[in-house]
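This note sets out, point by point, what may be read from the structure shown below. Please keep the coordinates open while going through the points.

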Amino acid sequence: MTTTTEATSTEKSGARAAEAADVITGARERIDALDDRIIGLVQERMAVSAVIQQERIASGGRRVNLSREMEILGHYRDALGKPGTALAMTLLELCRGKI
Ligand SMILES: O=C(O)C(=O)C[C@]1(C(=O)O)C=C[C@@H](O)C=C1
């Protein structure tokens, strides 16, 4: 027998069976927790990057250091492939603004 609760969790998850809906609901909770940690890490990265940029600018240098950005883009591309480059570009934009 399908209860109302089961119907709701299958609807929300897109699953066609209660068991699958349970697995999906549990995995989504883990994804939400991971996303919270990723957002926290991105915010921490932004703060560390700001320290570097402020120090460089205060010493008379420029905000942007393209050779370092190339290293970072390569690191993400090597680990994650082409979408890794796009991810690194977004991270750099968050950390130093648009150029
Ligand atoms: O590593 C630096 O020199 C930084 O300023 C940090 C950072 C980054 O967020 O990774 C930000 C701006 C630079 O253009 C390069 C890299």
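1. For the contacts named in this note, two residues are in contact if their C-beta atoms, placed from the backbone, lie within 7 Å. With that cut-off, and leaving aside residues up to four places away in sequence, Val64 touches Arg96 and Ile99. The model under discussion is a predicted one.

2. Secondary structure. The chain contains four helices and zero strands.

3. Overall dimensions. The radius of gyration of the chain is 21 Å, whereas a compact globule of 99 residues would have one near 13 Å. Along the principal axes, the C-alpha atoms fill a box of roughly 70 × 25 × 20 Å. Buried residues make up 3% of the 99 in the chain. Among contacts with a separation of 6 or more, 31% are between residues 24 or more positions apart.

4. Helix 2 against helix 4. Helix 2 covers residues 18–58 and helix 4 covers residues 82–96; their axes come within 8 Å and cross at roughly 55°. Because of this angle, helix 2 is classed as oblique to helix 4. The crossing of these two helices is right-handed. On the side of helix 2, Val42, Arg45, Met46, Ser49 and Gln53 make the contact, and on the side of helix 4 the residues are Leu91, Leu94, Cys95 and Arg96. By class, the residues of this contact comprise five nonpolar, two polar and two charged.

5. Helix 3 against helix 4. The axes of helix 3 and helix 4 lie 7 Å apart, and the two helices pack at an angle of about 140°. Helix 3 and helix 4 are therefore oblique to each other, because an angle has to be over 145 degrees to count as roughly antiparallel. This crossing, too, is right-handed. Helix 3 contributes Glu69, Ile72, Leu73, Tyr76, Arg77, Ala79 and Leu80 to the contact, while helix 4 contributes Lys82, Pro83, Gly84, Thr85, Leu87, Ala88, Met89 and Leu92. The residues of the contact between helix 3 and helix 4 divide into ten nonpolar, two polar and three charged.

6. Val64. Where does Val64 lie? Val64 is placed in the loop between helix 2 and helix 3, the latter spanning 66–80. Val64 counts as partly exposed because it has 13 C-beta neighbours inside 10 Å. The contacts of Val64 with Arg96 and Ile99 were given in the opening point.

7. Glu93. Is Glu93 buried or exposed? Glu93, which is found in helix 4, counts as exposed, because 11 C-beta neighbours lie inside 10 Å and a residue with 12 or fewer is classed that way. Between the C-alpha atoms of Glu93 and Ala7, which are 86 residues apart along the chain, the separation is 43 Å.

Conventions. Residues numbered from 1 in each chain as written. Predicted model: local features only at pLDDT ≥ 70, side-chain atom pairs only at ≥ 80, totals over all residues. Axes fitted to C-alpha atoms, helices over the stretch in contact; angles between N-to-C directions. Parallel < 35°, antiparallel > 145°, perpendicular 65-115°, else oblique. Left-handed = near helix turned anticlockwise from the far one by under 90°. Nonpolar A, V, L, I, M, F, W, Y, C, P; charged D, E, K, R; others polar. Rg over C-alpha atoms; globule rule 2.2 N^0.38 Å. Buried ≥ 20, exposed ≤ 12 C-beta atoms within 10 Å, placed from the backbone.
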